[in-house]
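Here is a short report on one protein chain. Please look over the sequence and the fold before reading on.

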Amino acid sequence: GELSLKRKVVRRRTANTKVQGQNKGKQQQLAVTATSSAAEIERHRLLAVARVMNNKKRQESKKKQEEEEKRKSKFGDIDLEQMRQLASQRALEAQREAKARREKEEKAREERRASKAREREREQEEKDRKRAEIYAINGVMREAFNNRFRQFAGNMLASGEGKHAIISDELEGDLEGVRQSEIGRDLKFRGVGAV
């Protein structure tokens, strides 16, 4: 009894160990199979994506070819040489128009320059005229002042009130020299030069 019971236990343990070993092998095999099946699934997925992309490319290429053919058929009956001539004519016209526009702008610029030059010249003439008027008025006023002074001095001498008011030729010469030096200084100051 006891021996047979021990044998049964040993047999069961051995059987369990064999079953466990077989189970481990099956698990490893399942794991390898699962890994290889996951890789296989990924490979099939990548192949499917590649097929979809190739199909899209083919469809886009076909669509482009159809559009190109439509465009060509639309302009197929047009003479290319005639189109080239028309393009060259239009280019020449554009060049002529650009040249005319540049000439017109240059002419307008020249007119503006001439107008400004005339305006500056007119302003300078006006300044010169005013300066000449001022010099003429100054000369007339000096002459009037000198005449009145001579008259006053002559009256003073005649009445005898002006003991020190003696006008001689020498004094009149001094007055004339002062007047000439004032005119010269005034002209030099204005940049005209001595008279």
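## A partly exposed phenylalanine

Phe-149 has a relative accessibility of 34%, so it counts as partly exposed. The cut-offs are these: buried is under 20% relative accessible area, exposed is over 50%, and partly exposed is in between (1.4 Å probe, protein chains only). Phe-149 sits in helix α2, residues 80-159. Helices here are DSSP runs of H or I with at least four residues, strands are runs of E with at least two, and both are numbered from the N terminus.

This is a predicted model: local features need pLDDT of at least 70, side-chain atom pairs count only at pLDDT 80 or more, and totals for chains, interfaces and linings use all residues. Residues are numbered from 1 along each chain as its sequence is written, and side-chain values use heavy atoms, with hydrogens and water left out.

## The phenylalanine patch

Areas come from the Shrake-Rupley method with a 1.4 Å probe, and for residues only the protein chains shown count as cover.

An α-helix has 3.6 residues a turn, so residues three or four places apart point the same way. Phe-145 is exposed, because its relative accessibility is 52%.

## Salt bridges

Side chains of opposite charge can pair when their charged atoms come close. A salt bridge here is a side-chain nitrogen of Lys or Arg within 4 Å of a carboxyl oxygen of Asp or Glu. The count comes to nine.

Glu-42 pairs with Arg-45, with the closest N and O atoms 2.7 Å apart. The two are three residues apart in helix α1 (residues 2-74), so about one helical turn separates them. Glu-42 is partly exposed at 35% relative accessible area. Arg-45 is partly exposed too, at 44%.

Asp-128 has 37% relative accessibility and is partly exposed. Arg-131 is partly exposed at 27%.

Which residues are linked in a network of salt bridges? They are Glu-106, Arg-109, Glu-110 and Arg-113. Glu-106 is partly exposed, with 34% relative accessibility. Arg-113 is partly exposed as well, at 45%.

## The chain as a whole

The chain has three helices and zero strands. Its elements run α-α-α from the N terminus on. Helix α2 has 80 residues, which at 1.5 Å a residue should span 118 Å. The end C-alpha atoms of α2 are 117 Å apart, which agrees. The expected span is 1.5 Å times one less than the number of residues.

Of the 195 residues, 5% count as buried. In α2, the buried residues include Ala-98, Asn-146, Ala-153 and Met-156. The chain exposes about 17900 Å², and carbon and sulfur atoms supply 54% of that area.
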